[in-house]
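Hello,

Here is the structure I promised to pass on. Please open it first, then read my notes below.

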Amino acid sequence: MNAHNPELANPHSFARDEIDAWRGRCIDLCARGERAVSKTLQEALKCDHLVKLSPMAGPRLREAQTLFDTMSGTEKQHKAAAKTIKDWCDIEPKRAFLAHGELTTLLDPRSNWHARFDLTRFKANAPIEESWVLDRQEAHMFEEELQHSFASLSQQLGQLRRSVDRLA
């Protein structure tokens, strides 16, 4: 044990702390994205647009896409909005692993960490066991992708809210 370097003292604990911090940042970005979608739909509802506020994030995202599609705009604007929604939908399934997956911290022989998230989903009353395993570099790449996707989603939703307000 090395009292001067906590990483050397307990590499497993250090890895777990680093994974937990990464996981928290990612969950926060997912939550902020879901909230931005919800706020946009609420604004549209206030402005008498026919939108449905589902209790689940996936249907709210599809509702935002429908709202994008009904608003006037150029083909380029519609394509940008559709790409943004698609990119967010591609990342969204990982949210369940982050929020509900059981984490196992793994260390390789050089003390590089790997995170394994185990999740049970249910379909037609049958359990479906899934795992997501990633190393430190993959985790940071995922976080960067999530940050980029969130920034794009926020921008597109901001433009949508302005369009909704103008038509009110």
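Two strands pair if DSSP finds at least two bridges between them. Keep that in mind for the sheet. Also note that this is a predicted model.

**The sheet**

By that rule, β1 and strand β2 (residues 113–123) are joined by six bridges, and they run antiparallel. One of the residues to look at is T105, whose bridge partner in β2 is A115. The sheet as a whole is open and has three strands. Their order is β1-β2-β3, and the pairing is antiparallel. β1 (102–107) and β3 (126–135) are the edge strands, each pairing on one side only. From one strand to the next, the twist averages 20°.

**Helices on the sheet**

α2 packs on the sheet and touches β1, β2 and β3. The direction of α2 makes about 135° with that of β1. Helix α5 (residues 93–100) also lies across β1, β2 and β3. Relative to β2, α5 runs at about 105°.

**α2 against α3**

Next, the helix pairs. Helix α2 spans residues 11–46 and helix α3 spans residues 57–70. They pack at an angle of about 50°, and their axes are 10 Å apart. That angle makes α2 oblique to α3. The crossing of α2 past α3 is left-handed.

Which residues in α2 meet α3? They are E34, V37, S38, L41 and A44. On the α3 side, the contact takes in A57, R60, L61, E63, A64 and L67. By class, this contact of α2 with α3 has seven nonpolar, one polar and three charged residues.

R35 also sits in helix α2. Is R35 buried or exposed? Exposed means over 50% relative accessible area. R35 has 57%, so R35 is exposed. The C-alpha atoms of R35 and A57 are separated by 9.1 Å, with the two residues 22 apart along the chain.

**α3 against α4**

Helix α4 covers residues 75–91. α3 and α4 pack at an angle of about 175°, with axes 10 Å apart. Angles over 145 degrees count as roughly antiparallel. So α3 is roughly antiparallel to α4.

Here α3 contributes L61, Q65, F68 and D69. They meet H78, A81, A82, I85, W88 and C89 in α4. The classes in this contact are seven nonpolar, two polar and one charged. Note that L61 is listed in the contact with α2 and in the contact with α4.

Best wishes

Notes
Residues are numbered from 1 along each chain as its sequence is written. This is a predicted model: local features need pLDDT of at least 70, side-chain atom pairs count only at pLDDT 80 or more; totals for chains, interfaces and linings use all residues. Side-chain values use heavy atoms; hydrogens and water are left out. Axes are lines fitted to C-alpha atoms, for helices over the stretch in contact, and angles run from 0 to 180 degrees between N-to-C directions. Helices (H or I, at least four residues) and strands (E, at least two) are DSSP runs, numbered from the N terminus. Angles under 35 degrees count as roughly parallel, over 145 as roughly antiparallel, 65 to 115 as roughly perpendicular and the rest as oblique. A crossing is left-handed if the near helix is turned anticlockwise from the far one by less than a right angle, and right-handed if clockwise. Contact means heavy atoms within 4.5 Å. Ala, Val, Leu, Ile, Met, Phe, Trp, Tyr, Cys and Pro count as nonpolar, Asp, Glu, Lys and Arg as charged, and the others, Gly among them, as polar. Buried means under 20% relative accessible area, exposed over 50%, partly exposed in between (1.4 Å probe, protein chains only).
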